[in-house]
Amino acid sequence: MDIAQLSDAAIIRKIGEFVKKKRIDLNKTQDTLAYEAGISRSTLSLLERGEKVNLITLIQVLRVLDELAIFEAFELGLRISPIEYIKLQKKHERQRVRNNDLAAENPRSEW
């Protein structure tokens, strides 16, 4: 299934189905989950039916279901451009090597 092909309403229904399945897997009633999430049972029912609810409601429910890892997809990592990466590599490379043997053979001039 290509999620990008679904309508917004269909995606919301999928989220509701997910929440309901997780709730049932944890053997929780709507009343119990709603209480633990700090929302009303009717709001949880709306979410499970795929109706529009606030984002904070979804977060509260997912927290109780221990499913907040879903939001790791939104994590913004430090990204560095390829040019900056090369600059950083060159900055840490040794630029010269001094040959101590050669320096001993050619003593410094007095000039």
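**Exercise 1.** In this predicted model, find the residue that follows helix H4 and has a positive phi.

*Solution.* Step 1: Go to the end of H4, which covers residues 55-64. Step 2: Look at Asp66, which follows the helix. Its phi is positive, near 60°.

**Exercise 2.** Which residues of H4 are buried, and which are exposed?

*Solution.* Step 1: Use the cut-off for buried, under 20% relative accessible area. Thr57, Leu58, Val61 and Leu62 of H4 are buried. Step 2: Look down the axis of H4: these buried residues fall within an arc of 130°, so they line one face of the helix. Step 3: Turn to the other side of H4, where you will find Leu55, Ile56 and Arg63 exposed. Step 4: Check the partners of the buried residues: they pack against H1, H2 and H3.

**Exercise 3.** Now try helix H3: which of its residues are buried, and which helices do they pack against?

*Solution.* Step 1: Within residues 41-48, pick out Leu44, Ser45, Leu47 and Glu48, the buried residues of H3. Step 2: Seen down the axis of H3, they fall within an arc of 160°, so they line one face of the helix. Step 3: Their packing partners are H1 (8-25), H2 (30-37) and H4. Step 4: Past H3, stop at Gly50, where phi is positive, near 85°.

**Exercise 4.** Which residues form a nonpolar patch on the surface?

*Solution.* Step 1: Locate Ile80, Tyr85, Ile86 and Leu88, which form the patch. Together they have about 370 Å² of accessible area. Step 2: Zoom in on Ile86, which lies in helix H5, residues 82-92. Step 3: Ile86 has a relative accessible area of 42%, so this residue is partly exposed.

Notes
Residues numbered from 1 in each chain as written. Predicted model: local features only at pLDDT ≥ 70, side-chain atom pairs only at ≥ 80, totals over all residues. Heavy atoms only, no water. Buried < 20%, exposed > 50% of the residue type's maximum accessible area, 1.4 Å probe, protein only. Helix = DSSP H or I, 4+ residues; strand = E, 2+ residues; numbered from the N terminus. Arc of directions from axis to C-beta. Contact = heavy atoms within 4.5 Å. Patch = residues over 30% accessible without salt bridge, like charges linked within 9 Å, V, L, I, M, F, W, Y side chains within 5 Å. Areas by Shrake-Rupley, 256 points an atom, 1.4 Å probe, with all protein chains shown as cover. Salt bridge = Lys/Arg side-chain N within 4 Å of Asp/Glu carboxyl O.
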